[in-house]
Amino acid sequence: MNILKLQSTKNWPQYLTTNLLLTAIILMLGCSDSPPQGSASMGNIMGQQSSGFAPVLDTTEIRFPADHNAHDDYRLEWWYLTANLKTASGEPIGVQWTQFRIAMSPPQQQSSDSGESSAWATNQLYMAHSALTSKQSHLASERWSRQHNQLAGTTAKPFSVVLDNWQWRASGEDLFPATLSVTDPQYRYELKLTTQAPYQLQGNNGYSIKDPTGEVASHYYSQPFIDVSGWIERHGEQVAVTGQAWLDREWSSQFLKDNQQGWDWFALRLDDGSALMVFQLRGQPNFYSARRMFADGTGHAIANEDIQLSPIGWHKINNQDYPVKWQVSIASEQIALEVSPLNANALQPLTVNYWEGPVNATGSHTAQGYMELTGY
Amino acid sequence: MNSFGVQGYWHSLAIFAAHYRQSPLQASAILVGIILAVTLLTGVRATNENAIASYASVTELLSQQASYTISPKFAQSHINESLYFDIRQQGISQSLAVIEGVLMDAKQKPWRVQGSDLIAAVSALSHQVADDSHSTASAPNPFSGDIPLARLLNGAPVVLMSQSLANKYLTQPFSLAGQPLEIIAVSDDFNLGQRLLMDISLAQRLMGQEGQLSYIALFGELTYQIPQLESLIAQQALLVENDNGASMTALTDSFHLNLTAMSLLAFIVGLFIAYNGVRYSLLKRQHLLTQLQQHGILKISLIAAVISELLVLVIIGAVIGFILGLQLSYWLQPMVSVTLEQLYGANILPGKWHWSWLAQALLLTFFAALLACSSLFVDLYRQPLARNSNKLINEHSAHQSHKAMLFIALALGTIATIGMPFSDDYRITMVLLGLVVIAIPLALPWTLMQLVSLISRLFTKGLVGYQVAETKELVPPLSLAMMAILLALTANISMNTLVGSFEITLKQWLDARLHADLYMRPPSDKVEDIARYLQQQPDADKVYKQWYLKSSYQGYPSFILTRDANSIEQTTVLKQAMEDIWQQFFDGRFVLLSEPLALKLGLNVGDKLTITALGDKPFTLAGVYFDYGNPYGELLIPPALWQQQNLPAIPTSLAVAVTGDEQALILRIQQTFELSDAQIYSQQGIKQLAVTMFKRTFSITQVLNSLTLIVAAVGLFSACFMLTQSRLAPIARLYCLGINRGQLRLMVFVQMWLIVLLTCLVALPTGALLGYLLIHKITYQAFGWTIAMVWDWQAYFQVIVLALLASTLAVILPLYKQTRRPLVSSLQSELL
């Protein structure tokens, strides 16, 4: 539709052209007075006001398998898988798959405004990101769809979350065991995902605050111990892969405060069999959160003041510096790690523009995992 | 050129400038020619380019950018949306589901509505934008302002409308198909035109087409996915590679070619004037030029100065012409827009223009003018210093060049005559026609000379003899203007013939084609009720039914249709048919084709054809029928066959023969079934509409035609004017010899009229020839319409009168001036 032909891209970096779509979404989310200039950031989406949407409360209990499914009353939600894999020949490969769900209007508005029901009518938007990263290349792509039972959405029995042919399909109501398959013109993969470990509730029983006052929070649980086997295909060449993956499930109606610019997030599996999730939200002051987790389901939160994150190496992509090397120090856990990327160019040149890629860590432990840098 | 030459060059330029200050008329004659030529060239070009650019982006909006579309099978109107889901689930994500239709508002005004999956559209577009980000065209953001995308997706009753339409409708309650709707205005730059845009969730519901799609547009590089797509689609639909509007352009190609040809014709006519002006001004300066040479200015400096002078005039003329041309295009565009919108449903974009057009027009004009004047410059270069021998050379060269032109004309005519029977593509025929158009004026000077010689044999004595003999002398200086006027006359006569013939053919065809008194196209849910209602009305004598589906047959956009047997027999105007066609047609083995479709497919009566949607059994082409003004082909099948094939059972349109008061019945139907005026037509109304549409279609051509004629008349005027002015001396001489003013005036007028009338006489056969070629070759090949040629004497005499008027005016002015001057000054004025 010409009608949807979008804003001139003249002054925008070429890789940002697709964030026109984001402009659209932000505008339709009611922020029409100030469309974002230049790069869209996570903050544009994450920092939306939450009025009318379901609030995130510390009293809300996370229940399985119900909470694996979509929470349409909350504004934002994701299913987030990162995998550190190896091919038969030992080449390290990173795979990322994220399924976002975005509610375009609060639930009560939906019921009053909708006409007679059409299968097409929805207030839910699905967006998926996928990337395949090796030392030399970083392939990333994106899909969009409205919620529609034939196109995009979740099912409970058996569990699935689907957008076109990017599909997470479990065999039962639980998230695992499952098959994740993604096909893009440049690459494809199909991964079998299994786990023996219980889910880890982040924050306080799955209530994860994003600032010291708890004004902004999310419901958040993880599965850091996933065994992966399957295959990937790049440029028509298919190879078997095995390795470990990490799943994050998070939903909220507001993720960032106005004065927070973005976050730096690490998901690391240490060589002692434990896993470490740590993130900082950059603001005045920075807010830190971390959890040490074990395969038997035990784990503990780490106090804000014990966490030290400092960038030690920067890398320029498209005239923008990204802190791709970090020093992660948590004295109370005897952890002192130097984290470096497998491929420093792992920028997701998608509607939402952020750095996300596999990392290795050395120091007190050796570790593998993923790092996400947003808001740069 | 050395510094001496350069100095001479500047001196000459200064003197020329002074000369033009002295006689501005000479400069303006050249300028008028150039301005007219460039105006018409630019005007038509801007109009054409805007129209063509419009198809690409307007007609099907985004789907034009699709690499493939999936359309319903022949003889089906919709695709099941499950195919869209299958395609998306197979990972062909850059695809867009679209439903299109017509919905009625509260006043029963029909609106074209497009509904699509807006998220898929934005997503596909963002890919397109990413692929195409080098394009500098700044497309405005549809989401600026308050477009409630969330509500749109949610099926809320919201419709997007172009700003200019919305201005009209925002103030009043608006509803479609009984659903009150909120109007959201979007910028006109999105070219929604008269169309409305909705989300598919709302559109399907309002159209009552839940689960149905009109087409699916596929984007991006799909070469490797084609086998997968084909097996998915299987027998459900058709996968069509998108031609980026080529099929639309093909429909309008001949229209634009027509306009371009007309503008080039006008350009040439304009150049004739400019050439004439240059020639005249050189003639007037012959003495001056000789004097300059005698003062030691080099010939090369003189020539350079003359060429520079031409360049300056071309630049001034082209710039003025360019500005006027854009203004002309501004006037023409609504006309083209109406034509194209009515015929093809295409809207015209707001006007755009490019500096490159000016540059191109400038270069083209300069080189064309230089080429046209080169012979003059060569003559000037060769001209000996002693001036006396000059006249002889001129005359000698005139005779020579007339012969040479005749020879070229004959050669061109021969090529066209040989080529014409072999061409069945209108574009090639158009080129051959171009040769004829060039040949006709080239042969004119020689023909005129012959005609005048013939006449001079009749009058050998006295003043009349002198008069006719002198006319012969006038032919060479006037021949150029006459060539221009002949060209314009020929074009005008032929175009009038074409338009007139078509109008008569169309009216006759409509008389035969329309047998009922009332025609109606109600919404499909009302058709059967109306038919039943009509059968019960005493004043409705007979009810006729028609069924049709828009489709495409072998790549040509076509309708498959049927009517009740009675209507088919009575209203099909056959061009060719097998014997006793109606005794056999209805048994299901035969089909009929409309003339344009039969021509495109190259089928003749008796040929076999298969229609995949109607099974593998081949049908015999029983006949070809006339069909005018329809951009789609038609495939007429017997009603029994239609019903057997499970094609939609509800008639698309109804017709009634009325015995009583027509208006009363219309009113009753309208009141009972809430039909709008646009849904019910009297026979008279349809005829009027058809003729109006037809007239609009040709109005732009006729406007251009008239402009060309006016340009030629201006040319004739300036040529006659300059000629008469230069003849003031011989006229004064004759006066001194005792011929009175009245006789002299009459003589001058008669001489002019004779030449003009002879030219008009030549234009008669050439106009007829061109008209014949336009009707039987170009129109037939381009549109597939057989038209009986009808000669229009009235139009012919009209253009003759115009030509005579222009020449009379051109003679009156200098004569009038002369009477106000002392005789001696006329005698002193330079000789011819």
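How many helices and strands are there in chain A?

1. Chain A has 3 helices and 23 strands, where helices (H or I, at least four residues) and strands (E, at least two) are DSSP runs numbered from the N terminus. This is a predicted model, in which local features need pLDDT of at least 70 and side-chain atom pairs count only at pLDDT 80 or more, while totals for chains, interfaces and linings use all residues. Residues are numbered from 1 along each chain as its sequence is written, and chains are lettered from A and ligands numbered from 1 in the order in which they are written.

2. In chain A, 55% of the 376 residues count as buried; a residue is buried if 20 or more other C-beta atoms lie within 10 Å of its own, exposed if 12 or fewer, and partly exposed in between, with C-beta atoms placed from the backbone. Of the contacts in chain A between residues at least 6 apart in sequence, 56% join residues at least 24 apart, a contact being a pair of residues whose C-beta atoms, placed from the backbone, lie within 7 Å.

3. Chain B has 27 helices and 21 strands, and 44% of its 832 residues count as buried. Among the contacts in chain B with a separation of 6 or more, 84% are accounted for by residues 24 or more positions apart.

4. The bond from A:F64 to A:P65 is cis, with omega near 0 degrees, and A:P65 sits in the loop between α2 (42–46) and β1 (76–87) of chain A. The bond from A:K157 to A:P158 is also cis, with omega near -5 degrees, and A:P158 belongs to the loop between β5 (152–155) and β6 (160–163) of chain A.

5. Where does A:N318 lie? A:N318 is in the loop between β18 (307–317) and β19 (320–330) of chain A, and A:N319 is found in the loop between β18 and β19 as well. Phi is near 50 degrees for A:N318, a positive value in a residue other than glycine, and near 65 degrees for A:N319, again a positive value in a residue other than glycine. A:N318 is partly exposed because 14 other C-beta atoms lie within 10 Å, whereas A:N319 has 6 and is therefore exposed.

6. In chain B, the axes of helix α14 (residues 426–442) and helix α16 (residues 462–513) come within 8 Å and cross at roughly 135 degrees, the axes being lines fitted to C-alpha atoms, for helices over the stretch in contact, with angles from 0 to 180 degrees between N-to-C directions. α14(B) and α16(B) are therefore oblique to each other, since angles under 35 degrees count as roughly parallel, over 145 as roughly antiparallel, 65 to 115 as roughly perpendicular and the rest as oblique. The contact is made by B:V437, B:I440 and B:P441 of α14(B) with B:M483, B:L486, B:L487 and B:T490 of α16(B).

7. Helix α17 (residues 524–536) and helix α22 (residues 662–673) of chain B pack at an angle of about 140 degrees with their axes 11 Å apart, which makes α17(B) oblique to α22(B). In this pair, B:K526, B:D529, B:I530 and B:Y533 of α17(B) meet B:I669, B:T672 and B:F673 of α22(B).

8. Helix α15 (residues 444–458) of chain B and α25(B) have axes that come within 10 Å and cross at roughly 120 degrees. Here B:L444, B:T447, B:L448 and B:L451 in α15(B) meet B:I755, B:L758, B:T759 and B:V762 in α25(B).

9. Helix α25 (residues 741–783) of chain B has a kink of about 35 degrees centred on B:L774, where the bend at a residue is the angle between axes fitted to the seven residues ending there and the seven starting there. After α25(B) comes B:G784, whose phi is positive, near 80 degrees.

10. Is B:Q684 buried or exposed? B:Q684, which lies in helix α23 (residues 683–726) of chain B, counts as exposed because it has 11 C-beta neighbours inside 10 Å. The C-alpha atoms of B:Q684 and B:L514 are separated by 9.5 Å, although the two residues are 170 residues apart along the chain.

Conventions: Contact = placed C-beta atoms within 7 Å.
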